[in-house]
Amino acid sequence: MTNVRDGLQLRYLRRMVKTPAGRAFLLNQLADAESNGENQVFEAVLSNVDDPALQKMIEKHRADEVRHAQLYHEAAVRQGVPLEPVPAHLKLIDRLDRAVGGFLTQPITGARGVMEAYVMLQVIEERATSQFTLLERAFREVDPQTADVVASICADEERHLLYCHAISKRYAPDEATRLETLHRYRELEARCFAENSEALMQHTQARGYFSGGPLVKWFWRNLQALGRRQGLPYTAYFAAAQAA
Ligand SMILES: [Fe+2]
Ligand SMILES: [Fe+2]
């Protein structure tokens, strides 16, 4: 089921993936996001977790993210155009790190620190699965090989959500605190995602990945108007939590 916002985003992605340059830009950005500092979080969490079963989950999670970065990088290279470094202002994880006061860079100590880190990873995974579902559909029509890569990564991210639930619950002082943290981080992430999306749209238009005539202008106006009308771009996980 695709809502209005997702439908517009899918249209945006379909335009982006029409050209090798657009595909390479998207995939390179994903490769960068997958390798963007989370490794430090896994290291820091591991030093605070002594349950062998949970340690195994964290090790697997870390290995998956390293592999995802490689898979997205290879898919970007396959497009056959030069790759450029991702501009700093388009990095969602960095934006989130600044907004929360440095979850990537601050030391993680104690049970609460582990819970907060894994709730943050949970909201990142929630966004990833939501985005990758749309991305797979966009790629399916023009580059089925990459669509298969996105689908396999998306399945991993869904498994990571189970790790996030297990570890954040295990280290939460109580369920109310975990839920309050989850709600707060989802809001923070949705704000960062909205800002990053706007910056991304401006960048891709300026670089000509997404140029066009009246239809594009119409699309751009609608997306901005929709964003303002509908409030923050929460994922379906937030809506499901509200309905529960
Ligand atoms: Fe990943
Ligand atoms: Fe993940």
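Which side chain of opposite charge is nearest to E65, and how far from E65 is it? R67 is, at 8.2 Å. The views below are of a predicted model, in which local features need pLDDT of at least 70, side-chain atom pairs count only at pLDDT 80 or more, and totals for chains, interfaces and linings use all residues. Residues are numbered from 1 along each chain as its sequence is written, chains are lettered from A and ligands numbered from 1 in the order in which they are written, and side-chain values use heavy atoms, leaving out hydrogens and water.

View 1. E65 lies in helix α4. Helices (H or I, at least four residues) and strands (E, at least two) are DSSP runs, numbered from the N terminus. Buried means under 20% relative accessible area, exposed over 50%, and partly exposed in between (1.4 Å probe, protein chains only). A salt bridge puts a side-chain nitrogen of Lys or Arg within 4 Å of a carboxyl oxygen of Asp or Glu. For charge, Lys and Arg count as positive and Asp and Glu as negative; His and the chain ends are not counted. Leaving aside residues up to four places away in sequence, E65 touches E34, E38, F42, E125, E157 and H160. Contact here means heavy atoms within 4.5 Å.

**View 2. E65 bridges two iron ions.** The iron ion (ligand 1) and the iron ion (ligand 2) lie 3.5 Å apart, with E65 bridging them.

**View 3. The donors of the iron ion (ligand 1).** E34 (OE), E34 (OE), E65 (OE), H68 (ND1) and E157 (OE) coordinate this ion at 2.0 to 2.7 Å. Donors are N, O and S atoms within 2.8 Å of the metal (3.2 Å for Na, K and Ca); water is not among the atoms, so sites may look incomplete. Along the chain, the donor spacing reads E-x30-E-x2-H-x88-E. H68 counts as buried because its relative accessibility is 0%. E157 is buried too, at 2%.

**View 4. A salt-bridge network around D64 and R159.** The structure holds 19 salt bridges. A network of them links K60, D64, R67, D156 and R159. R67 and D64 meet at 2.9 Å, N to O. These two residues are both in helix α4, three residues apart, about one turn of the helix. D64 is buried, with 1% relative accessible area, whereas R67 is partly exposed at 36%. D64 also forms a salt bridge with R159, with 3.0 Å between the closest N and O atoms. That bridge links distant parts of the chain: D64 in helix α4 and R159 in helix α7, 95 residues apart. R159 is partly exposed at 24%. D156 forms a salt bridge with R159 as well, its closest N and O atoms 2.9 Å apart. D156 and R159 share helix α7, three residues and about one turn apart. D156 counts as buried, at 11% relative accessibility.

**View 5. Two aromatic pairs.** A search of the whole structure finds two. Rings of Phe, Tyr and Trp (its six-membered ring) pair if their centres lie within 6.5 Å; planes under 30 degrees apart are stacked, over 60 edge-to-face, and the rest tilted. Y72 and F132 have ring centres 5.6 Å apart and planes at 65 degrees, so the pair is edge-to-face. Y72 lies in helix α4 and F132 in helix α6 (residues 110–140), so this pair ties together parts 60 residues apart in sequence. Both Y72 and F132 are buried. The pair Y234 and F238 is stacked, at 3.6 Å centre to centre and 10 degrees between the planes. Y234 is partly exposed at 27%; F238 is buried at 12%.

**View 6. Arginines over aromatic rings.** R127 lies over the face of F193, 3.8 Å from the ring centre. The charged end of R170 sits over the ring of Y171, at 4.6 Å from its centre. A charge sits over a ring if NZ of Lys or CZ of Arg is within 6 Å of the ring centre and within 35 degrees of the ring normal.
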